[in-house]
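Please read the points with the coordinates open.

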Amino acid sequence: MRFIMADHDRELGMGAPITRRDFLNGMAVGVGGTMAASWMSPDLEALLAQGGTGAYPPALTGLRGSHVGSFEAFHAMKDGAFWKAAPAPQDTREEYDLVVVGAGISGLAAAHYYRQSRPNARVLVLDNHDDFGGHAKRNEFTHNGRTYIGYGGTQSIDSPAPYSAVSKALITELGIDVARYPKVLDSGLYKSLGLRSAFFFDKETYGADRLVTGDVREDAFLAAAPITDSVRRDLKRLLTERFDPMPGLTSAEKKARLARMSYTDFVTKLWKLDPGVLRLYQTRPHGLFGVGVDAVPAQDAFGLGYPGFQAMGLDPAAGPGQNYDTIRNPEAEDYYFHFPDGNASVARLLVRRLIPGALPGSTLDDVVTARADYAKLDAAGSPVRIRLSSPVMRVRHIGPAGPDPRVEVAYLQGLKSSGPQVLKTVTARSVVLACWHSVIPSLCPELPAAQKTALEFAIKVPLVYTNVFIRSWTAFQKLGVQRISTPSMFHTSVGLDFPVSLGGYQHTTNPAEPIVLHLSKSACRPGLPVRDQHRAGRTELLSTSFETIERNIREQLGRTLGAGGFDPATDILGITVNRWPHGYAYQYNSLSDEFWINGGEQPCAVARRRHGRIAIANADAAAYSYTDAAIDHAHRAVQELLA
Ligand SMILES: Cc1cc2nc3c(=O)[nH]c(=O)nc-3n(C[C@H](O)[C@H](O)[C@H](O)COP(=O)(O)OP(=O)(O)OC[C@H]3O[C@@H](n4cnc5c(N)ncnc54)[C@H](O)[C@@H]3O)c2cc1C
């Protein structure tokens, strides 16, 4: 239902016809507490009943990622409400050699490794989302008969440390030739059109909206930036002055101190600079850590090449407590590949192996445009089945104890259907939990208490990856920009998609044609300890409606690109917001995790211990937010079960 719209909303194009706007997606769903009486509120139940089935998930727009219907049961399970009102389980009498919980890259890889060793094994993979791939999510938009593809999560084959032999072997086995990347990327396209990166100074912070192209290291940028003389002078000092704020200490001593102070403190307390300097750096580490410089250790900022360390004589080799992402490794940097749908193609290639026929084709070139047949994922009689929209609620060993025990897996089915939710059970000889570690303690109460505590430590980093499908990118061309940093707006960056063409998929080279814009946001609360920032961000993401996000997107694009002729009311053709309240795996941080500096036992090592016939995978098992971790730990978990 639409009410009388404010004039400004009309200018922004709120309510304009964009690619299917899902009613469900417009609604903010309360977290946990709102479902106290029954595990699912009547409102939500009624809304879900209208969800319908049979959709093609990659083409769904609106609020995606952790979409409505995929997570509410977990929150009710965590606060105890679910089991108080749970329907009686129905035994499907299905028996599997392996059940995998989680159809992300780790879960799909686990199914693959198990089948590699036991080719006749019957495997079931269960996931709470309506699409497979976990964070590796494909978004599609169609206009005038042409399909445009974007990535809704896991962006690239890319890791700060080299891929292990195990991960590399899987990438090769899937047919991905990483060395081909320079040939599929049109790396000169944006440069040839004169497009550069830019920074948007907003009127709320700087008195007037101003888009300044270039980089903070350039004099022209500093001259054009609407900043005070004091900030300009201090920025220049930070970038160029040969000042050592810790004279007389060795490199190791300095790094030990830097590991325990934030970059914010380094700049304001050691250098004693105007805090306004930090506004230009605050959101810079968002893409890696989901928090700003207030929660990033100064040692990590040094590793990332931030200014201020030029005269400190620091050893570039990794120091104790340094985050993996901040350690340069040329071998790792060369191992890079981006598909138009990001690592969703890795997930799709795994599905192609597991269920021949579910994804047509056989090569790297045809995978990008291949349309997955979702009806084939869970076909009766298939040795491998992938069952979506099926959150697993309980995993437990069932008797009799002995050399060949069984595990019962209870999951919900029907979250999206018009029928009632049904709790079903299957049994398995072995189970791999490839899901988020923070869910596992409520899922599997029989685990030892110390392991549950370690699993709960794996708080995820909340992120939003939004794809906005626009009619043309002439505004970018007129303004000479490719990527814009917008630190004080809802999304903190906006950019044109990677110009990648592969097989039958061709990236646009003509600014008058449609393109997918990629916007990202890290939900955080500067000033709080890092893990509290992630908690606060998660709550924010779960309580923000699609309508609010859409309004912010339109406002943001109108203000940053308006001078280039962009009109949010007419130029936006579609919006897909991939909301990830549980995004990156938490990587240890030397500001808060003492064991990370001093070398104590890491929680992830306790969390991933095998328990009877249940093994534990997922990128959380390495506290390392990368695809190679998801693969390596799938492999380890399966080997533990096969041993
Ligand atoms: C926005 C974003 C961008 C990223 N970019 C990159 C990148 O460029 N390169 C890179 O290497 N890594 C990237 N990552 C990290 C990414 O998480 C990993 O690379 C990898 O995809 C993780 O795979 P996974 O299978 O371990 O976890 P996930 O992909 O999270 O899969 C786990 C699945 O288990 C499901 N699940 C959870 N609980 C249950 C339950 N009880 N029942 C059923 N299912 C359940 C989840 O919903 C999910 O679908 C990115 C992550 C995010 C969020």
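Predicted model: local features only at pLDDT ≥ 70, side-chain atom pairs only at ≥ 80, totals over all residues.

1. Polar pairs at the ligand. N128 places a polar side-chain atom 2.6 Å from a ligand oxygen. T627 uses its backbone instead: an N or O atom there lies 2.7 Å from an oxygen atom of the ligand. S106 also takes part through the backbone, with a polar atom 2.8 Å from a ligand oxygen. When checking a pose, keep the side-chain pair of N128 apart from the backbone pairs of T627 and S106.

2. Helix α5 against helix α6. Helix α5 spans residues 105–117 and helix α6 spans residues 165–173. Their axes are 13 Å apart, and the packing angle is about 85 degrees. An angle from 65 to 115 degrees counts as roughly perpendicular, so α5 and α6 fall in that class. On the α5 side, the contact is made by A109, H112, Y113 and Q116. On the α6 side, V166, L170 and E173 contribute. By class, the residues of this contact are four nonpolar, two polar and one charged.

3. Helix α6 against helix α27. Helix α27 covers residues 627–642. Its axis and that of α6 come within 9 Å and cross at roughly 100 degrees. The pair α6 and α27 is therefore roughly perpendicular as well. From α6, the contact residues are V166, S167, L170 and I171. From α27, they are D628, I631, D632 and H635. The classes here are four nonpolar, two polar and two charged.

4. V125. This residue sits in strand β3, residues 123–126. Is V125 buried or exposed? It is buried, because its relative accessibility is 0%. Outside its sequence neighbourhood, V125 touches V100, G102, A103, A111, R385, I386 and R387. One of these, A111, falls within the range of helix α5. V125 and A372 are 247 residues apart in sequence, and their C-alpha atoms are 17 Å apart in space.

5. E94. Strand β2, residues 90–101, holds E94. A relative accessible area of 18% makes E94 buried, since the cut-off is under 20%. The E94 side chain makes a polar contact of 2.5 Å with the side chain of Y96. Leaving out residues up to four places away, E94 touches R385, R387, V426 and T427. R385 and R387 are also in the contact list of V125.

6. D234. D234 belongs to helix α11, residues 229–240. Its relative accessibility is 4%, so D234 counts as buried. Beyond four places in sequence, D234 is in contact with L273, D274 and V277.

7. K452. Helix α20, residues 449–456, contains K452. At 22% relative accessibility K452 counts as partly exposed. What does its side chain pair with? A polar atom of the K452 side chain lies 2.7 Å from the backbone oxygen of P445. P445 is also in the contact list of K452, together with P441, C444 and L447. K452 and I440 are 12 residues apart in sequence and 7.6 Å apart in space, C-alpha to C-alpha.

8. Positive phi values. Two residues deserve a backbone check. N144 has phi near 50 degrees, a positive value in a residue other than glycine. It lies in the loop between β4 and β5, and N144 is exposed at 72% relative accessibility. K272 is not a glycine either, yet its phi is positive at about 60 degrees. K272 is placed in the loop between α13 and α14. With a relative accessible area of 64%, K272 is exposed.

Technical notes:
Residues numbered from 1 in each chain as written. Heavy atoms only, no water. Helix = DSSP H or I, 4+ residues; strand = E, 2+ residues; numbered from the N terminus. Buried < 20%, exposed > 50% of the residue type's maximum accessible area, 1.4 Å probe, protein only. Contact = heavy atoms within 4.5 Å. Axes fitted to C-alpha atoms, helices over the stretch in contact; angles between N-to-C directions. Parallel < 35°, antiparallel > 145°, perpendicular 65-115°, else oblique. Nonpolar A, V, L, I, M, F, W, Y, C, P; charged D, E, K, R; others polar. Polar contact = N/O pair within 3.5 Å; in protein donor to acceptor, adjacent residues only side chain to side chain.
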